[in-house]
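Subject: Model handover and notes

Dear colleague,

Here is the model you asked about, with my notes set out below it. Please read the two together and keep the conventions in mind as you go.

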Amino acid sequence: MPKDPKTQYYHDTFPKQFQDAPGLQKEMEPKPDCGEESYKGSGKLNGRKALVTGGDSGIGRAAAIAYAREGADVAINYLPEEQPDAEEVKQLIEEAGRKAVLIPGDLKDEDFNYKLVEEAHEQLGGLDILALVAGKQQAVEDIADLPTEQIKETYETNVYPLYWLSKAAIPHMPAGSSIITTTSVEGFNPSPMLLDYAATKSAIIGFTKGLAKQIADKSIRVNSVAPGPIWTPLQISGGQPQENIPEFGSNTPPTPIGRAGQPAELSSVYVFLASEESSYVTAQVYSITGGIPTA
Ligand code: NAD
Ligand code: MG
């Protein structure tokens, strides 16, 4: 019998909980499910070399675990204060029998982006998957209260690093490599309280489609994933007002599936877009939203 998608993952209300951004997944209740217990690989990425930003927690962690279990060596980037989450991911990658490389640092710093790519390339002995998952989201209800500093930091975190990391990585990437960005349902249908964040997610769609056309000649494919409401540290550390947390993904916002998604429900798409199975897929956005429309 197939599993019922409404009940396949956590589908109760969430307890209110707040952490300062970026937050630790380790301290969330319930803990996000990143496929730690469930993801099974089948050699789809044997011998591949992946760099995943935001790989310590949430969606990036789900991608990192899946890549390792599919046979890839994996470097992850995250902020220094997320070291405890990153150590768990390192252990999971190593338990899959693959090499794990931890490279903490702030993507708002242009030079760090170039160092990150060089170090990942050197320590992995190559680079053919670039999964750009890191992001910042802070909800502010009234534009009158939206600080310029936040607008800048949201763009500096969500948009600029995509240019810097791609610029540095492309010369290292052989034909058949894949770049995967992470947009959002917000890039299509913005929430009124996410004016800065939603605009960066629209920018990511434009960047992805344009870069895909630019580097198709190099046989590097570029695609984006558009998640809906997914239970991760981003949401409890200011991504949502606390009053939205209990019914996150069921009523705030309402989804046809009726619950929040878990990062593990995105793993197979990050794998697909990285693998040879998506050889005819480029310049596309793949939505995983619990049924919220993105077109
Ligand atoms: P998350 O908090 O687990 O991941 C975000 C990661 O971004 C953090 O772990 C952190 O390592 C990284 N990050 C933030 N600022 C950084 C900086 N200055 N330098 C380096 N790294 C930095 O949350 P998540 O929800 O898994 O987020 C992953 C991506 O998914 C983000 O791009 C987010 O916008 C996107 N997304 C999430 C949802 C959702 O509902 N959770 C929905 C749509 C899109
Ligand atoms: Mg994190």
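This is a predicted model: local features need pLDDT of at least 70, side-chain atom pairs count only at pLDDT 80 or more; totals for chains, interfaces and linings use all residues.

Residues are numbered from 1 along each chain as its sequence is written, chains are lettered from A and ligands numbered from 1 in the order in which they are written, and side-chain values use heavy atoms, with hydrogens and water left out.

The magnesium ion (ligand 2) is coordinated at 2.1 to 2.2 Å by Asp56 (OD), Ser57 (OG) and Glu82 (OE), where donors are N, O and S atoms within 2.8 Å of the metal (3.2 Å for Na, K and Ca), and the site may look incomplete because water is not among the atoms. Along the chain these donors follow the spacing D-S-x24-E. Asp56 is buried at 2% relative accessibility, and Ser57 is buried at 11%; buried means under 20% relative accessible area, exposed over 50% and partly exposed in between, with a 1.4 Å probe and protein chains only.

Around ligand 1 there are 30 residues, the closest being Ser57, Glu82, Tyr197, Thr232 and Gln235, where a residue is counted if one of its heavy atoms lies within 4 Å.

- a polar side-chain atom of Asp106 lies 2.8 Å from a nitrogen atom of ligand 1;
- a backbone N or O atom of Gly135 lies 3.1 Å from an oxygen atom of ligand 1;
- a polar side-chain atom of Gln235 lies 2.7 Å from an oxygen atom of ligand 1.

The protein covers 97% of the 810 Å² of accessible area that ligand 1 has on its own, by the Shrake-Rupley method with a 1.4 Å probe, where for residues only the protein chains shown count as cover. The largest share of the shell, 3 residues, comes from α7; helices (H or I, at least four residues) and strands (E, at least two) are DSSP runs, numbered from the N terminus.

The structure holds 5 aromatic pairs, meaning rings of Phe, Tyr and Trp (its six-membered ring) with centres within 6.5 Å, called stacked when the planes are under 30 degrees apart, edge-to-face when over 60 and tilted otherwise. One of them, Phe14 with Trp231, is stacked at 3.8 Å centre to centre and 10° between the planes. Phe14 lies in the segment before β1 (49-53) and Trp231 in the loop between β6 and α7 (233-239), so the pair ties together parts that are 217 residues apart in sequence. Tyr10, Phe14, Trp231 and Phe248 form one aromatic cluster.

Finally, α8 is largely enclosed by the rest of the structure, because 6 of its 8 residues are buried. Ser278, in the loop between α8 (267-274) and β7 (285-288), is buried with a relative accessible area of 0%. Its side chain reaches the backbone oxygen of Ser275 at 3.0 Å.

Best regards

Terms used: A polar contact is a pair of N or O atoms within 3.5 Å; within protein, one must be able to donate a hydrogen and the other to accept it, and residues adjacent in sequence count only if both atoms are side-chain atoms.
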